[in-house]
Amino acid sequence: MSALVSSWSKNVHTVPENFVCSSEERPGDLAVPLCKGIPVVDLQQVDGHDRADSIKQIMIGSQDFGMFQVINHGLLKELMDDTMSLFKEFFDMPEEDKATYYSEDMSKSFRLYTGSFCHSVINHNYWKDSVRQDCHPLEDHIETWPEKPARYREVVGTYSVEVRKLGMRILDLICEGLGVDVGYFAGDLSKFQGMIVNHYPPCPNPSLVLGVRGHYDTNLLTLLQQDEYGLQILKDGQWFGVKHVPNAFVINIGSQLEIISNGKLTSIKHRAVTNSSVSRTSIVTLINPSEECIIEPAKALVSACNPLMFQAVQCKEYVDTCMPKARDPNGATLES
Ligand code: OGA
Ligand code: NI
């Protein structure tokens, strides 16, 4: 249990050697510029006369940055705050409570693990602890979730249902933007939903470590809620910060959505940095196709002018083997 970064990091004033990133990977100068131009889309406008403009913003974000942010998205601020506080409470629980949930068995529907384990594939340690859980269908998984803090199942259950509705709504707006039938992603393409909650304790020297190394999300769509700045993207060979917009969700295009869009949308490499003063928590909802699903460009997006850009691949095979990327047990993908 002492493996958890949140357990021992309070007592250290320097970064342990095995957490120091290689010189190519380390964030170094933390004052990277904020990325300009990532759209912040007001979803309240979508049902009014600004619908076409909102969809255009979503497409610009998805094409040029692999992401956009949404505000006025329908999730109550109280629910978002409540869920964030609950996860902070979870990571603040006494060691003996957390110990009961800690597991290195990746097949578990719920588990607590740490940045030294989750990236063991690459033999490096990251400055975070995480929770990973399956969320949909809720009744199949809720029994595997913690009973402490007492409101965990109720709050996180409500949150995951609401975030799913938002994700499906955004996927339908993407359908409209792409010109495929609305509802295209309902069914097997969005059959599963997982949640990763990353907890990044304060770090004595954030320039030397990463919270999550650069990776592409290999799922369909990611919705991220965060309480502090820390997310960065690699654009045109340079790292840029993603502005923290309170109460917003950051929406990431997963690489399976890139395939289905026949390359019209792009997934972008991103990472998380830490900071020295406060802990940061990100609640990451991953919408995923079923494992058997065939991932291929939508027929409506392939024509003589838009030749097929990707071969069909089964979802499971894609996630297991997409080369040259090594798999991150988080469900996201790491470049080797
Ligand atoms: C992830 C991820 C970024 C963050 O978990 O896939 O990209 O800011 N997290 O926590
Ligand atoms: Ni990610």
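A: In this predicted model, a polar side-chain atom of H270 is 2.9 Å from an oxygen atom of ligand 1. The protein covers 99% of the 290 Å² of accessible area that ligand 1 has on its own. H215 also brings a polar side-chain atom to an oxygen atom of ligand 1, at 3.0 Å. For D217, the distance from an N or O atom of its side chain to an oxygen atom of ligand 1 is 3.4 Å.

H215, D217 and H270 also hold the metal. The nickel ion (ligand 2) is coordinated by NE2 of H215, OD of D217 and NE2 of H270, at 2.1 to 2.2 Å. Along the chain, the donors of the nickel ion (ligand 2) have the spacing H-x1-D-x52-H. H215 and D217 are both buried, which means that each has under 20% relative accessible area.

The shell around ligand 1 takes in H215, D217 and H270 together with N198, Y200, L224, L231, A272, R280, S282 and V284. By type, the shell around ligand 1 divides into five nonpolar, four polar and two charged residues. Three strands, β5 (192–200), β11 (270–272) and β12 (280–288), each supply at least two residues of this shell. The most comes from β12, which gives three residues to the shell around ligand 1.

T222 leads on from D217. The side chains of T222 and D217 make a polar contact at 2.8 Å. T222 is in strand β7 (residues 221–226). T222 counts as buried because its relative accessibility is 1%, and the limit for buried is under 20%. Leaving aside neighbours within four places in sequence, T222 is in contact with V250, I251 and N252, with V284, T285 and L286, and with D217. Of these contacts of T222, V284 and D217 are also among the residues that surround ligand 1.

S103 is in the loop between α4 (95–99) and β3 (110–114). S103 counts as buried because its relative accessibility is 8%. Apart from neighbours within four places in sequence, the contacts of S103 are K108, R111, L112 and Y113.

R153 is in helix α7 (residues 152–178). With a relative accessible area of 21%, R153 is partly exposed, because the range for that label lies between the 20% limit for buried and the 50% limit for exposed. Residues up to four places away in sequence aside, R153 touches I142, E143, W145, P146 and E147. R153 and M93 are 60 residues apart in sequence, and their C-alpha atoms are 16 Å apart in space.

Next come two cis peptide bonds. The bond from H136 to P137 is cis, with omega near -5°. P137 lies in the loop between β4 (129–136) and α6 (138–141). The peptide bond from K148 to P149 is cis as well, with omega near -10°. P149 lies in the loop between α6 and α7, and α7 is the helix that holds R153.

D236 has phi near 50°, a positive value in a residue other than glycine. D236 is in the loop between β8 (231–235) and β9 (238–241). D236 counts as exposed because its relative accessibility is 73%, and exposed means over 50%. N247 also has a positive phi without being glycine, with a value near 65°. N247 is in the loop between β9 and β10 (249–253). N247 counts as partly exposed because its relative accessibility is 35%.

D217 is in turn joined to T222 by the side-chain polar contact at 2.8 Å.

How values were computed. Residues numbered from 1 in each chain as written. Chains lettered and ligands numbered in written order. Predicted model: local features only at pLDDT ≥ 70, side-chain atom pairs only at ≥ 80, totals over all residues. Heavy atoms only, no water. Donors = N, O, S within 2.8 Å, 3.2 Å for Na, K, Ca; no water. Buried < 20%, exposed > 50% of the residue type's maximum accessible area, 1.4 Å probe, protein only. Near = heavy atom within 4 Å. Polar contact = N/O pair within 3.5 Å; in protein donor to acceptor, adjacent residues only side chain to side chain. Areas by Shrake-Rupley, 256 points an atom, 1.4 Å probe, with all protein chains shown as cover. Helix = DSSP H or I, 4+ residues; strand = E, 2+ residues; numbered from the N terminus. Nonpolar A, V, L, I, M, F, W, Y, C, P; charged D, E, K, R; others polar. Contact = heavy atoms within 4.5 Å.
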